[in-house]
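Please look over the sequence and the model shown below.

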Amino acid sequence: MGASRLPVDDGVEHGSSFDRARSGAPAAGEAVGDRFSTDEIFQRVVATADEEVSSGIQKLYLSGIAAGLAITLTFFVYATGKAAFPNDVTGLLAPLLYPIGFVYIIMGRYQLYTENTLTPVTLVLTRVASVPSLFRVWLSVLAGNLTGALIGTFVLANAGVFSPEAAAAAVEIGAKGIETPWWSLVFKAIFAGWLVAGLVWLEHAVRDSISRVVLIYLVIYTIPATGLYHIVVSSADVFYLVFTGNIALATGLWEFAVPVLLGNTIGGVFLVTLINYGQTENRFPEGDASRPKLTLREWLFSQRISTPEEPASRPDPAPGADS
């Protein structure tokens with residue numbers, strides 16, 4: 001005789017078919033328990049996006065600062081690795097600890113700009129969150145990331161944390177980025193944005209922490225190992241060059257950070273989010289299917305985010321109705 005099922009307060013609703021989180025997103029695959037379909041992965045991404053776009057500016061900014069400080073760890077260990085392996089012609093040894101900051105960020109659920117090129121965009125594409133609400137998330141997170149990187153690199157540049165060899169390697173890393181042609185930086189950053197946003201998609205496809213850590217390590221290690229660029233790490237490179245008197249801030253931002261920011265955004269939004277969106281049908285978690293779409297005006301100009309409890313969305317007003 002089968003054992004009776006006891007109630008478990010673990011944030012997951014246990015039903016007769018398959019498990020779902022309280023958000024309605026699947027906690028297990030319907031067809032195969034430990035394997036999610038594309039629609040199920042998208043529903044899990046939507047649940048995460050809901051949490052992010054509903055957060056206030058202060059919360060997003062402070063979480064972004066924590067992520068920027070964590071990226072400082074990546075900058076620190078990468079420069080230290082460069083100094084430790086000066087004769088490594090393959091470029092595969094110095095980045096061995098590069099993913100450490102990203103492990104902190106993704107496992108600790110900090111807000112990182114390249115992560116947010118995937119999740120909130122899903123709500124905008126489904127027209128249940130407005131374009132301005134997406135920009136609010138992006139700007140708040142990016143400002144926090146840059147603030148954290150600014151603080152961290154200021155300490156590294158002035159507190160004697162680096163060895164002389166590592167300090168020289170840190171300058172060399174930034175100088176190499178500055179010397180890279182503008183459009184080469186854009187395309188390198190497109191691939192990096194593709195990797196990081198794809199990592200977020202894959203991270204929603206696994207169920208255990210060990211798999212997540214392995215995914216983070218493999219994907220993020222690929223960025224420095226192949227000479228690609230991430231906006232927050234690149235900003236840390238620029239800030240360190242500024243604090244050590246090697247470059248003017250405006251020059252570093254325009255010649256390094258701006259093209260990397262552009263490329264990361266393109267890679268995350270167009271190559272991952274739009275493609276993954278296009279191959280899904282059932283895009284909302286259970287209970288969200290009746291979620292009303294915003295009107296065109298609300299979608300383009302308001303800060304609104306619809307919820308399943310709201311009444312049906314109003315039709316677009318006729319021209320001249322506001323006059």
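Val 269 lies in helix H10, which covers residues 249-278; helices here are DSSP runs of H or I with at least four residues, strands are runs of E with at least two, and both are numbered from the N terminus. With a relative accessibility of 11%, Val 269 counts as buried, where buried means under 20% relative accessible area, exposed means over 50% and partly exposed means in between, computed with a 1.4 Å probe on protein chains only. Although Val 269 and Asn 116 are 153 residues apart along the chain, their C-alpha atoms are separated by 9.3 Å.

The model is a predicted one, so that local features need pLDDT of at least 70 and side-chain atom pairs count only at pLDDT 80 or more, while totals for chains, interfaces and linings use all residues. Residues are numbered from 1 along each chain as its sequence is written, and side-chain values use heavy atoms, with hydrogens and water left out.

Trp 183 lies in helix H7 (residues 182-203), and at 54% relative accessibility this residue counts as exposed. The C-alpha atom of Trp 183 is separated by 7.1 Å from that of Pro 259, and the two residues are 76 residues apart along the chain.

Two arginines in loops have positive phi values. Phi of Arg 109 is near 60°, a positive value in a residue other than glycine; Arg 109 sits in the loop between H3 and helix H4 (119-125) and is partly exposed, with a relative accessible area of 47%. Arg 127, found in the loop between H4 and H5, has a phi near 65°, again positive in a residue other than glycine, and with 27% relative accessibility Arg 127 counts as partly exposed. A positive phi, near 70°, also belongs to Gly 160, which follows H5.

How far apart are the end C-alpha atoms of helix H5? They are 41 Å apart, which agrees with the 40 Å that the 28 residues of H5 (residues 131-158) should span at 1.5 Å a residue, the expected span being 1.5 Å times one less than the number of residues.

The helix pairs are listed here with their axis geometry. Axes are lines fitted to C-alpha atoms, for helices over the stretch in contact, and angles run from 0 to 180 degrees between N-to-C directions.

| Helix pair | Axis distance | Angle |
|---|---|---|
| H2 (residues 57-84) and H5 | 6 Å | about 40° |
| H5 and H9 (residues 231-243) | within 9 Å | roughly 40° |
| H3 (residues 100-107) and H8 (residues 209-225) | 9 Å | about 140° |

The angle between H2 and H5, about 40°, is therefore oblique, given that angles under 35 degrees count as roughly parallel, over 145 as roughly antiparallel, 65 to 115 as roughly perpendicular and the rest as oblique. The crossing of H2 and H5 is right-handed, a crossing being right-handed if the near helix is turned clockwise from the far one by less than a right angle, and left-handed if anticlockwise. By class, the contact of H2 with H5 has 14 nonpolar, 10 polar and 1 charged residues; here Ala, Val, Leu, Ile, Met, Phe, Trp, Tyr, Cys and Pro count as nonpolar, Asp, Glu, Lys and Arg as charged, and the others, Gly among them, as polar.

The axes of H5 and H9 cross at roughly 40°, which makes H5 oblique to H9, and this crossing is right-handed. Residues of H5 in the contact (heavy atoms within 4.5 Å) include Asn 145, Leu 146, Leu 150 and Phe 154, and those of H9 include Val 232, Phe 239, Tyr 240 and Phe 243. The contact of H5 with H9 divides into 11 nonpolar, 3 polar and no charged residues.

H3 and H8 pack at an angle of about 140°, which makes H3 oblique to H8, and H3 passes H8 in a right-handed crossing. On the H3 side, Phe 102, Val 103, Ile 106 and Met 107 meet Ser 209, Arg 212, Val 213, Ile 216 and Ile 220 in H8. The residues of this contact of H3 with H8 comprise 7 nonpolar, 1 polar and 1 charged.

For the protein as a whole, there are 11 helices and 2 strands, and the order from the N terminus on is β-β-α-α-α-α-α-α-α-α-α-α-α. Of its 323 residues, 49% count as buried. Among the contacts in the protein with a separation of 6 or more, 74% are accounted for by residues 24 or more positions apart.
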